[in-house]
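User: I'd like to understand the terms used for this model. Could you take me through them?

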Amino acid sequence: MLHVVVIGAGFGGLKAVEELRTRHAGVAITLVAPGPRFLYWPNLVWVPSGWREPEDLTCDVRDWLFRRRAAYHEGRVVAVRDGGRSVVTDSGALVADGLVVASGATTPAAVPGTEHVYAICGGLDAARAMRDRLRALAGGRLVLGFADNPAHPPAARGTPVLELAFTLDEQLRRERRRARFRLDVVLPPSADVAHGALAGLATRLRARGVAVHPGRRIERFAADRVVTDRESLASDLTVFSPAMSGPAWLAESDLPATASGHVAVDARARVDGLERVYAVGDAAAFPGPAWQTKQAHTAELQAETAARNLARELDGRAPRERVRHEVVHVVDGLGHGAFVFRDGRGEWALPPTRLGHYLKLGLEREALRKYAPRGRRPRARGAVPAAGPRPRFPLPRL
Ligand SMILES: Cc1cc2nc3c(=O)[nH]c(=O)nc-3n(C[C@H](O)[C@H](O)[C@H](O)COP(=O)(O)OP(=O)(O)OC[C@H]3O[C@@H](n4cnc5c(N)ncnc54)[C@H](O)[C@@H]3O)c2cc1C
């Protein structure tokens with residue numbers, strides 16, 4: 001029986017398993033990941049305000065995999081060799097007739113002083129630590145920023161950082177302590193705040209009293225400041241999202257890598273020059289427009305295409321489907337979400353509405369309910385109210 005290995009239990013890996021099982025009933029599938037939990041990253045921005053506990057955003061995927069007749073191999077991939085036929089993990093090696101790499105991004109610490117920052121992209125513990133620090137602050141300055149990867153501009157987490165600026169601003173207003181805080185957002189040169197949806201977001205942030213500093217390279221962090229190539233900003237709480245790179249294990253592997261450190265793939269999601277080997281999501285660098293940011297929706301589109309093409313190759317046919325380039329963002333501001341869509345024909349955006357917020361909520365519920373074990377669906381967490389102060393924890397006294 002042919003055996004496909006899928007690396008990663010995130011958006012791309014799970015979608016690849018689902019689509020491959022639909023297209024190819026007979027293939028054996030093994031998903032490899034360091035742990036069996038899926039993390040719904042997009043709504044981590046609701047953790048600082050207390051509207052989500054980090055645990056609300058994860059679920060165990062082993063039952064879902066079992067129902068798709070896919071095996072789970074717990075382990076961390078350390079190398080891929082023999083042109084994708086051998087997957088080496090820290091808990092044993094697997095032989096693969098087909099491979100889908102969906103192991104997400106790594107964030108090499110390129111800026112000195114990152115021990116002083118809170119990384120919203122760092123996962124549950126980082127989100128929890130940031131929430132606790134914000135609760136303990138009586139006032140001060142919050143500086144938010146992100147860096148891009150000059151060799152691959154889409155490898156930056158810009159939208160989550162901007163979204164966090166909106167949610168923090170709204171949170172502090174509802175807690176009636178916004179006047180005691182300054183908010184600053186530092187954007188790298190690739191973030192074009194003069195055009196498109198980003199221009200609209202920057203204008204809205206400024207209208208809410210958030211200082212936006214475009215075109216900056218962050219040079220270093222200290223405990224009490226952020227130093228850019230133009231200024232030094234005092235900071236009581238710094239949130240930073242580093243530039244993304246590809247899998248750390250790529251250096252030990254014989255898969256082709258781009259200058260940005262990602263797995264090099266073609267327009268069909270197939271790894272350059274290799275048969276039956278695909279890469280999707282944050283781990284891969286696709287040819288295509290610079291506006292094609294790395295996001296969950298994209299990872300799923302790419303995984304669908306990869307699985308369909310791989311299924312054809314397993315049947316001895318040539319891959320033919322191309323990845324669709326498309327961006328869908330809901331930029332939530334606690335209770336109201338702005339909707340941004342972009343494809344090859346253009347970009348359009350809707351201002352913040354309740355509908356946008358419910359869309360973001362609905363996407364979270366759909367993903368977590370789908371992947372959670374049967375009979376142990378995560379408790380449904382509700383929408384954030386449209387307005388009104390509602391501190392959910394004791395605030396520090398002045
Ligand atoms: C704070 C935040 C907010 C975001 N908001 C949005 C949003 O609103 N909308 C949106 O569309 N996108 C959003 N994104 C982006 C989105 O979450 C990612 O683009 C998406 O998760 C990429 O999917 P992926 O499958 O490539 O990687 P991931 O979902 O990160 O999954 C990677 C998987 O690989 C596993 N893995 C890692 N290393 C190894 C290894 N060595 N061996 C085996 N397995 C490994 C991991 O454990 C994980 O299971 C956000 C991201 C962040 C951080």
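Analyst: Happy to; here are the terms, each set against its definition. This is a predicted model, where local features need pLDDT of at least 70, side-chain atom pairs count only at pLDDT 80 or more, and totals for chains, interfaces and linings use all residues. Residues are numbered from 1 along each chain as its sequence is written.

User: How do you know which part of the chain has pLDDT under 50?

Analyst: pLDDT is the predictor's confidence in each residue, from 0 to 100. The chain averages 93, and 96% of the residues score at least 70. Residues 390–398 stay under 50. Where pLDDT is low, the predicted coordinates should not be read in detail.

User: Why is Gly 209 called partly exposed?

Analyst: A residue is buried if 20 or more other C-beta atoms (placed from the backbone) lie within 10 Å of its own, exposed if 12 or fewer, and partly exposed in between. Gly 209 has 13 such atoms within 10 Å, so it is partly exposed. Its place is in the loop between helix H5 (196–207) and strand E12 (210–213); helices (H or I, at least four residues) and strands (E, at least two) are DSSP runs, numbered from the N terminus. By the burial rule, 47% of the 398 residues count as buried.

User: What makes the radius of gyration agree with a compact globule?

Analyst: The radius is taken over C-alpha atoms, and the globule rule is 2.2 Å times the number of residues to the power 0.38. For 398 residues the rule gives a value near 21 Å; the chain has 21 Å, so the two agree.

User: Why does the ligand lie between the domains?

Analyst: Domain bounds come from an automatic or database domain assignment. Domain 1 (3–34 + 75–106 + 245–324) and domain 2 (114–243) both give residues to the shell around the ligand, so the ligand lies between them. A residue counts as near if its C-beta atom, placed from the backbone, lies within 6 Å. The shell has 31 residues, and Gly 8, Gly 10, Gly 12, Gly 104 and Gly 281 are the closest. Helix H1 (11–23), strand E2 (28–33) and helix H6 (296–314) each supply at least two shell residues.

User: How many residues of domain 1 are in contact with domain 2?

Analyst: Two residues are in contact if their C-beta atoms, placed from the backbone, lie within 7 Å. On that basis, 10 residues of domain 1 touch 7 residues of domain 2. The domain centres, taken over C-alpha atoms, are 32 Å apart.
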